[in-house]
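Hi everyone, thanks for coming. I have a structure to walk through with you, so let me put it up on the screen.

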Amino acid sequence: MLISIGSIFISNIVLAKFLGLCPYIGVSKQLDSALGMGMAVIFVMTFASVATWLIYTYFLAPTTQNILFMVFLKGKGAPPDLTYLRTISFILIIAALVQFVEMVIQKISPTLYQSLGIYLPLITTNCAVLGVSLLNIDNNYSFIESLVNGFMSGAGFTLALILMAGLRERIELANLPKAMRGVPIAFIIAGCMSLAFLGFSGLSF
Amino acid sequence: MKVTQELFKGIYSSNPVFRLMLGLCPTLAVTSSVNNAIGMGGAATFVLISSNFVVSLIRKFVPSKIRIPVYITVIATFVTIVDLIMAGFFPDLHKSLGIFIPLIVVNCIILGRAEAFASKNNVFFSLIDGLGMGIGFTLALITISTFREILGNGTWLGMPVFGSSFKPALLMILNPGAFFTIGFIIAFLNWLDRKTSVSS
């Protein structure tokens, strides 16, 4: 509960942690595509959190539970510390996962694929997904906590993206100075939103 | 002539941060002080040059279907190297940059240059391109962090800039300040472009 409220509002992945800004600025021009991107991110982020947590705990971490340790060293001696492989293994897992999700969606729902198609490959390089996976490990979350954090961070991303898209659709019509149009004003809006979300940091349980 | 052109395009005309809107996450997250900005810029530049070099070397052998995973693996290798070097030699910097060092892997500038430039050009130009883009990225980080650190903390690289009567605007160090700063810088560049294109 604490994690879920926390990762949607208090430490919102976009506005407080600065992760996933490229799609946040790039895909927030229209409400429809923002919604699609958000859904894709929630989906991938939840699975990525689970997959990376499992890989880290059972293959990389220097504990006696390490499967490689049990199989190759038969539980003797010190468990191997493979944590330096973290970055490489996580990014490969995420890339494979995104590819997999893309194939599944293409098979199950061609219309959804049509609208999400171009965003899915982009998710691989969405730093929010890798960021959440790494934060789960850094914060020593348990399996369930990682799952919840992954899902809720995705929800927080979607919330921020949709709010932004709604605002940008309106601001298209506003009479702005020419130099401010497009991206600059998007950043200013993001700043104001971040300011508003800063108010949540006073929440405590 | 072409060498300088490749070098300078990364610094001004297609600056990765201000023009191409790539690599925004680290740009905003680590620019609360100039010190962090230089550390991040240096790390990213190293990765950019090395990965451009390797990608350019192997560009003829990699089948185009699996090129993206191959490039990401190359990049992740160099990021791990930087991560370990920083943890060993600059533990303080490593701690304050935190999660953003492993996140260099997904910095779109690096994959973007590997895909758009290094996979199509020879080794020498790829190196130059990596260097130019890296410098452009570092300069952008330093510009943003200069504004934020001076306004938000009253210091530059840890040295006080104003007298003791200066009350720093804490907002600039916090997250919203980052968004405002980059928004105004991009707006300023747009304005400058329009101005110069009108007069010429």
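Let's begin in α10(A), where the buried residues are P184(A), I185(A), A186(A), F187(A), I188(A), A190(A), G191(A), M193(A), S194(A) and F197(A). Keep in mind, please, that we are looking at a predicted model. Helix α10 of chain A covers residues 183-198.

S7(A) sits in helix α1, residues 2-10 of chain A. Is S7(A) buried or exposed? S7(A) has 25 other C-beta atoms within 10 Å, and the cut-off for buried is 20 or more, so S7(A) counts as buried. Which residues is S7(A) in contact with, if we leave aside neighbours within four places in sequence? They are I13(A), N149(A), M152(A), S153(A) and G156(A). In that part of the sequence there is also F151(A), 144 residues away from S7(A) along the chain, yet 9.3 Å away in space, C-alpha to C-alpha.

Last, the two chains together. Here, 34 residues of chain B are in contact with 33 residues of chain A. On the chain B side, α2 (24-29), α4 (67-89), α6 (108-118) and α9 (175-199) each supply at least two residues. The largest share, 11 residues, comes from α9(B).

Notes:
Residues numbered from 1 in each chain as written. Chains lettered and ligands numbered in written order. Predicted model: local features only at pLDDT ≥ 70, side-chain atom pairs only at ≥ 80, totals over all residues. Contact = placed C-beta atoms within 7 Å. Helix = DSSP H or I, 4+ residues; strand = E, 2+ residues; numbered from the N terminus. Expected span 1.5 Å × (residues − 1). Buried ≥ 20, exposed ≤ 12 C-beta atoms within 10 Å, placed from the backbone.
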